Amino acid sequence: MNESRGADDVLVRGIAWGGGLRAYAVRTTGLAGELQRRHGTYPTATAALGRAATAGAMMGAMLKGEEKLTVQVKGDGPLGQIVVDANAKGEVRGYVDNPQVHLPPNAQGKLDVAGAVGRSGYIHIVKDLGLKEPYRGSVPIVSGELGEDFTYYFASSEQTPSAVGLGVLVDVDGSVLHAGGFLLQIMPGAEEQDITRLEQRLQEMPHVTSLLDRGETPESILRFLTDDDVQLLDAMPIVFKCNCSRERVERTLVSMGEAELAALIEEDGRAEVTCHFCNSAYEFDRHELEKLLEQAKPKQDV
C-alpha cells in the first residue's frame with residue numbers, strides 16, 4: 001500500500017445562502033505533485049491529471065462510509081485515458097495513459113489541457129455505493145478543459161446545476177506549484193436571485209491557482225465565492241493512497257491459471273508487475289513463481 005499526504009492538502013465543505021448552495025473547495029497541491037513524481041508526467045499531462053484528480057477528490061467527498069468512485073476521461077487527444085479513483089475518506093489515486101505529453105501553449109498562453117485531453121470523447125463516472133450494481137453515468141466531453149466538462153456532467157447526469165473550477169499551476173522545472181478547485185451546487189428550492197448571484201461571483205472569480213498563489217485557502221475561496229455568506233461544515237485532509245500490494249499481485253498471478261503461469265516461468269523465468277495507479281513495481285523470481293504455480297493447480301480430491 002502506498003500513501004502520501006500533502007502537508008496542506010485539505011477539502012472544506014459548506015452550505016451557503018440559507019441552504020440554497022452546497023459548496024466544496026479543495027487544495028490538492030501535494031496530491032498533484034505526488035502524481036507528477038510517480039508517473040513522470042510532462043507539464044500538460046500534469047495539469048490534466050491534476051485537474052481530474054481534484055474533481056475526483058471533491059466528488060469522493062460527496063460519498064459516505066466505504067463508498068468509492070472511478071472517474072474515466074476518454075478523449076481523442078494524445079493523453080489517451082485519464083483514470084482517477086477516490087473515496088469518502090479523502091483518498092485519491094490516478095494515472096494517465098500517456099504521461100509524457102506536452103503541447104505548445106493555447107491561445108491564452110496557458111497549458112493546452114483541452115488539446116491534450118481532446119475535444120471529443122466521454123467522461124464516465126462509476127460509483128460503488130455498496131449496492132448490487134454500481135451507479136454509472138456518462139456525458140460527452142464538451143471542451144476538454146475538464147472544469148466545464150464536470151460542470152456539464154453534474155447538470156446532465158445528476159440533474160444538479162453546478163459550477164466546477166479546477167486548476168494546476170506547473171513550475172518551469174515541471175513540478176506542481178499549486179493545485180485545487182471548487183464545486184458549487186444549486187440546491188432544490190434555491191431562489192432565482194441566488195443563481196444570478198452565483199453567475200456574477202463566478203465572472204468576478206480569479207483563476208483558482210491565482211488565489212492559491214496569493215495565499216488563499218479553500219476556506220477563504222469559499223468565502224470569496226459566497227460573499228462571506230457560508231456556514232462551514234467540516235474539513236478533511238486529501239491524501240494520495242493506492243491499495244495495491246504484493247499479496248494482491250500474487251492473487252492476480254495465481255488467477256492467470258496454471259497454463260499461463262507455467263508458460264511465463266518457461267519463457268522468462270521471472271515477472272515484473274507494475275501498478276498503473278502508483279507505478280510501484282513488484283518483482284517475482286523463478287522460485288516465487290513456481291510457488292504461485294502450485295497454488296494455481298487444481299486441488300485434487302483425496
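The following legends describe an overview and several close-up views of a predicted model.

**Figure 1. Overview of the protein chain.** The predicted model shows a protein chain with ten helices and twelve strands. Its C-alpha atoms fill a box of roughly 75 × 45 × 35 Å along the principal axes. The radius of gyration is 21 Å, which agrees with the value near 19 Å that a compact globule of 302 residues would have. Of these 302 residues, 50% are buried. Among contacts with a separation of 6 or more, 64% join residues 24 or more positions apart. The accessible surface of the protein chain is about 14600 Å², and carbon and sulfur atoms contribute 47% of that surface.

**Figure 2. The largest nonpolar core and the surroundings of Leu289.** The largest nonpolar core holds 69 residues, and the members that touch the most others are Leu79, Ile82, Val117, Phe150 and Leu289. Helix H2 (residues 43-60) supplies the largest share of this core, with ten residues. A second, separate core comprises 18 residues, including Trp17, Ile186, Leu212 and Ile221. In soluble globular proteins, nonpolar side chains tend to be buried together. Leaving out residues up to four places away in sequence, Leu289 touches Leu253, Leu261, Leu264, Ile265, Gly269, Arg270, Ala271 and Phe284.

Figure 3. Helix H4 spans residues 147-157, and its buried residues are Gly147, Asp149, Phe150, Tyr153, Phe154 and Ser157. Phe150 is also one of the residues that touch the most other members of the largest nonpolar core. Just after H4, Gln159 has a positive phi of about 50°.

Figure 4. Cys242 is buried, with a relative accessible area of 0%. Cys278 is also buried, with a relative accessible area of 2%.

**Figure 5. Thr209 and its contacts.** Thr209 is part of helix H6, which covers residues 208-213. Thr209 counts as buried, at 7% relative accessibility. A polar contact of 2.9 Å links the side chain of Thr209 to the side chain of His207. Apart from neighbours within four places in sequence, Thr209 is in contact with Gly167, Val168, Leu169 and His178.

Figure 6. Most residues other than glycine have a negative phi. Trp17, although not a glycine, has a positive phi of about 55°. Trp17 is placed in the loop between strand S1 (2-16) and strand S2 (21-27). The relative accessible area of Trp17 is 7%, and this residue is therefore buried. Trp17 is also a member of the second core, the one with 18 residues. Asp227 likewise is not a glycine and has a positive phi, near 55°. The loop that holds Asp227 runs between helix H7 (218-225) and strand S10 (230-242). Asp227 is partly exposed, with a relative accessible area of 39%.

Figure 7. Glu250 belongs to helix H8, which covers residues 246-255. Glu250 is partly exposed, with a relative accessible area of 28%. Not counting residues up to four places away in sequence, Glu250 touches Phe284 and Leu292. Glu250 and Phe284 are separated by 34 residues in sequence, and their C-alpha atoms are 9.2 Å apart in space. Phe284 is also among the residues touched by Leu289.

Definitions and conventions:
Residues are numbered from 1 along each chain as its sequence is written. This is a predicted model: local features need pLDDT of at least 70, side-chain atom pairs count only at pLDDT 80 or more; totals for chains, interfaces and linings use all residues. Side-chain values use heavy atoms; hydrogens and water are left out. Buried means under 20% relative accessible area, exposed over 50%, partly exposed in between (1.4 Å probe, protein chains only). A nonpolar core is a set of buried Ala, Val, Leu, Ile, Met, Phe, Trp, Tyr and Cys residues joined through side-chain atoms within 4.5 Å. Helices (H or I, at least four residues) and strands (E, at least two) are DSSP runs, numbered from the N terminus. Contact means heavy atoms within 4.5 Å. A polar contact is a pair of N or O atoms within 3.5 Å; within protein, one must be able to donate a hydrogen and the other to accept it, and residues adjacent in sequence count only if both atoms are side-chain atoms. The radius of gyration is taken over C-alpha atoms; the globule rule is 2.2 Å times the number of residues to the power 0.38. Accessible areas come from the Shrake-Rupley method with a 1.4 Å probe; for residues, only the protein chains shown count as cover.
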